[in-house]
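Dear colleague,

Please find below the structure that I am handing over to you.

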Amino acid sequence: MAGLPVYRWRLAPDGLATRRQLRALGLRPGGQEVAAQIERPRRKRGPLIAYLYRVELALPVRPMTAAKAAALAKANSARRICPSCRRDVGYVIPAHLGVCNPCT
């Protein structure tokens, strides 16, 4: 993203927000281009970078439909079923284990 204004951490001007900040306001970028970026310096590694969007160009978040809610519930329930014992364990199975705790 060459040519973008770069601001230091917590020094971005008003009217710009990250995706998370937009979401907290009930907004989404809505297809707009990245307006700027923020860099947070870190020791011994490259800086953390967050892209900023214009708040005035952001659109409202699309509402959750019944079909989307049903699909999301189905996907989340599939993540709770252990592939080994085929039980719904009541929590999302960790990816690094691949099976529920009793099967480990």
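Predicted model: local features only at pLDDT ≥ 70, side-chain atom pairs only at ≥ 80, totals over all residues.

Residues are numbered from 1 along each chain as its sequence is written, and side-chain values use heavy atoms, with hydrogens and water left out.

Is Pro 102 buried or exposed? Pro 102 is exposed, because its relative accessible area is 61% (buried is under 20%, exposed over 50%, partly exposed in between, with a 1.4 Å probe and protein chains only). Not counting residues up to four places away in sequence, Pro 102 touches Arg 87 and Tyr 91, a contact being heavy atoms within 4.5 Å. Val 89 is 13 residues from Pro 102 in sequence, with 9.5 Å between their C-alpha atoms.

Val 89 is also placed in the segment after H2. Val 89 counts as buried because its relative accessibility is 17%. Beyond its neighbours within four places in sequence, Val 89 is in contact with Arg 80, Cys 82 and Cys 100. Ser 77 stands 12 residues from Val 89 along the chain, and their C-alpha atoms are separated by 9.7 Å.

Turning to the chain as a whole, the protein chain has two helices and six strands, in the order β-β-α-β-β-β-β-α. Its radius of gyration is 20 Å, whereas a compact globule of 104 residues would have one near 13 Å (taken over C-alpha atoms; the globule rule is 2.2 Å times the number of residues to the power 0.38). Along the principal axes, the C-alpha atoms fill a box of roughly 55 × 45 × 20 Å. Of the 104 residues, 20% are buried.

The largest nonpolar core has seven residues, namely Leu 4, Ala 17, Leu 22, Leu 27, Val 34, Tyr 53 and Ala 58; such a core is a set of buried Ala, Val, Leu, Ile, Met, Phe, Trp, Tyr and Cys residues joined through side-chain atoms within 4.5 Å. Leaving aside neighbours within four places in sequence, Leu 4 is in contact with Val 34, Ala 35, Ala 36 and Gln 37.

With kind regards

Note on methods. Helix = DSSP H or I, 4+ residues; strand = E, 2+ residues; numbered from the N terminus.
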